[in-house]
Amino acid sequence: MKQQMVVIHLDDASLVWLSGVVGASLAPALYDVLRELVEQQLKPVMVDCTDVAALDDGVVSVLAAASMQAARRGGIDLRLPRGRCHLVKDATAVRHAISAAYPAAA
């Protein structure tokens, strides 16, 4: 399954939609996108992983770093499969949310 990333800007909000098996090759681009969105002070920053089949630890680390950077502005709105929604503000919250949806990743 091919990995994809789409970024959508909606006024002062943003959505990063991921799909497929999201691995290390996408992590640097995801890091750059999330860093830019946080620096632009867009709120909320939503990361939609509902169509992600699997992700690796590098991607989890990127999400954890972004959540800590965004904590002052409310964190990252993380959407996961099976209707799981988490407002994450630190690495522990990201890893906890990811481990429930993707046990092999966290």
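Author: A residue is called buried under 20% relative accessible area, exposed over 50%, and partly exposed in between. By that scale I8, with a relative accessible area of 34%, is partly exposed. The model is a predicted one. I8 belongs to strand β1, which covers residues 4-10, and together with V6 and L10 it makes a nonpolar surface patch of about 230 Å².

Strand β1 is also one of the elements against which the buried residues of helix α1 pack, and this helix is the part examined here. The buried residues in α1 are A27, L30, V33, L34, L37 and V38. They lie on the same side of α1, because they cover an arc of only 130° around the axis. Besides β1, their packing partners are β2 (13-22), β3 (45-55) and α2 (57-70).

Side chains of opposite charge can pair when their charged atoms come close. R35 meets D32 in a salt bridge, at 3.5 Å from N to O, and R35 forms another with E39, where the closest N and O atoms are 3.7 Å apart. An α-helix has 3.6 residues a turn, so residues three or four places apart point the same way. In α1, R35 and D32 are 3 residues apart, about one turn of the helix, while R35 and E39 are 4 residues apart, again about one turn. Just after α1, Q41 takes a positive phi of about 60°.

Helix α2, a packing partner of α1, has 14 residues and reaches 20 Å from its first C-alpha to its last, close to the 20 Å expected. Its buried residues include V59, V60, V62 and L63, and what covers the buried residues of α2 includes α1, β4 (76-80), β5 (84-88) and α3 (91-101). A salt bridge joins R95 to D57, with the closest N and O atoms 3.0 Å apart. R95 lies in α3 and D57 in α2, so the pair ties together parts that are 38 residues apart in sequence. The whole structure holds 4 salt bridges.

Technical notes: Residues are numbered from 1 along each chain as its sequence is written. This is a predicted model: local features need pLDDT of at least 70, side-chain atom pairs count only at pLDDT 80 or more; totals for chains, interfaces and linings use all residues. Side-chain values use heavy atoms; hydrogens and water are left out. Patches are made of residues with over 30% relative accessible area and no salt bridge: like charges are joined within 9 Å, nonpolar side chains (Val, Leu, Ile, Met, Phe, Trp, Tyr) within 5 Å. Accessible areas come from the Shrake-Rupley method with a 1.4 Å probe; for residues, only the protein chains shown count as cover. A salt bridge is a side-chain nitrogen of Lys or Arg within 4 Å of a carboxyl oxygen of Asp or Glu. Helices (H or I, at least four residues) and strands (E, at least two) are DSSP runs, numbered from the N terminus. Buried means under 20% relative accessible area, exposed over 50%, partly exposed in between (1.4 Å probe, protein chains only). The arc is that of the directions from the helix axis to the C-beta atoms. Contact means heavy atoms within 4.5 Å. The expected span of a helix is 1.5 Å times one less than its number of residues.
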